[in-house]
Amino acid sequence: MADSAPLWAAAALPLLLAPAALAVACADGRSAAPVREVLRLLVQQPRRTRAADALATRTGTVLLPLAAVLAAAVVPLGATPVSDLGDGVVWFNAMEALAWAAIWLTGWGPNSTLSLVGGYRFLAQGLAYEIPHMLALTTAALGAGSLRVTEIADAQRGLWFAVWMPAAFALYLLSAAAMSFWGPFGQPAGRDLAGGVATELTGVGRLLLLGGRRLLLLTSAAMAVPLFLGGGHGPLLPGWAWTLVKTGAVLALLLWLRRRLPGVRMDRYTELSWVVLTPLAVLQALVVAVVVLP
């Protein structure tokens, strides 16, 4: 069992993730000047809609990046996470559920049709991706015989789980994009809704939502490393360097796929999830169970 990082690391984690999320924004290329956009939003005056629930909106916009940071607390940088919880996989999935609540509150709060439809779209998307996602997480934990993230990484010293659990790895990456409503799963913030859940957000609230999306994507990509890509284990380089290299590779793949895959309608993705992806995830878990269980 790896030791947890010192207490100061918990305070430093958001400070480390913020520039990383900005780097993701730069690599994504959707904004020509992400730093200038951040500064513009910081000084922009807030806009209010009639009969808006300001508390719900503010709670939702703050919860989204907070959930991403809390999820990142169990992701080891090399061999050491901020918190080496015995049920780290469960904690990670719980923080993703917190992100559900955050996006729904953000859509509900402004009392706007477009933002509310965006919130409903994310709920439909979440119901579609969550079961395959949970099964992918469970499959990795089953392969290692532990819910502790560091022990899952240590179990891959000889062979990465991505090699003999390819379906679980692919489903995890798919759900990572859906969780942050990224690329083909961007319908909750779609242009046909003038921005969806972000339609009525301005200033700091909009910055928190957009930053939270990128933090979710970054955290999900980083979590793929200990779950499926051997964590910080590798030749020549130190563990933290291998973690950064592998996380960068996963992020690059997700960003590349964003430009290659078309948008997905929620009704079609829901049907695909229940008819194809969920049975595939169950089959992958059964195969792993047959291999590892006595």
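Here are some questions and answers about this predicted model.

It's a predicted model, so local features need pLDDT of at least 70 and side-chain atom pairs count only at pLDDT 80 or more, while totals for chains, interfaces and linings use all residues. Residues are numbered from 1 along each chain as its sequence is written, and side-chain values use heavy atoms, with hydrogens and water left out.

Q: Why is R148 called buried?
A: Buried means under 20% relative accessible area, exposed means over 50%, and partly exposed is in between (1.4 Å probe, protein chains only). R148 has 15% relative accessibility, so it counts as buried.

Q: Is D84 buried or exposed?
A: D84 has a relative accessible area of 10%, so it's buried.

Q: What makes D154 and R157 a salt bridge?
A: Their side chains meet at 3.8 Å, N to O, so they pass the cut-off too. D154, at 34% relative accessibility, counts as partly exposed, whereas R157, at 61%, counts as exposed.

Q: Which residues do salt bridges with shared partners join into one network?
A: They're D84, R148 and E151. E151 pairs with R148, with the closest N and O atoms 3.5 Å apart. At 31% relative accessibility, E151 counts as partly exposed.

Q: How do you know what span to expect for helix α3?
A: Helices here are DSSP runs (H or I, at least four residues), and strands are runs of E, at least two, all numbered from the N terminus. The expected span is 1.5 Å times one less than the number of residues. Helix α3 (residues 54–72) has 19 residues, and its 28 Å from first C-alpha to last is close to the 27 Å expected.

Q: Where does the kink in α3 lie?
A: A kink of about 25 degrees lies at L63, shortly before the proline P65. The bend is the angle between axes fitted to the seven residues ending there and the seven starting there. L63 and P65 are among the buried residues of α3.

Q: How many helices and strands does the protein chain have?
A: It has 11 helices and 0 strands.

Notes. A salt bridge is a side-chain nitrogen of Lys or Arg within 4 Å of a carboxyl oxygen of Asp or Glu.
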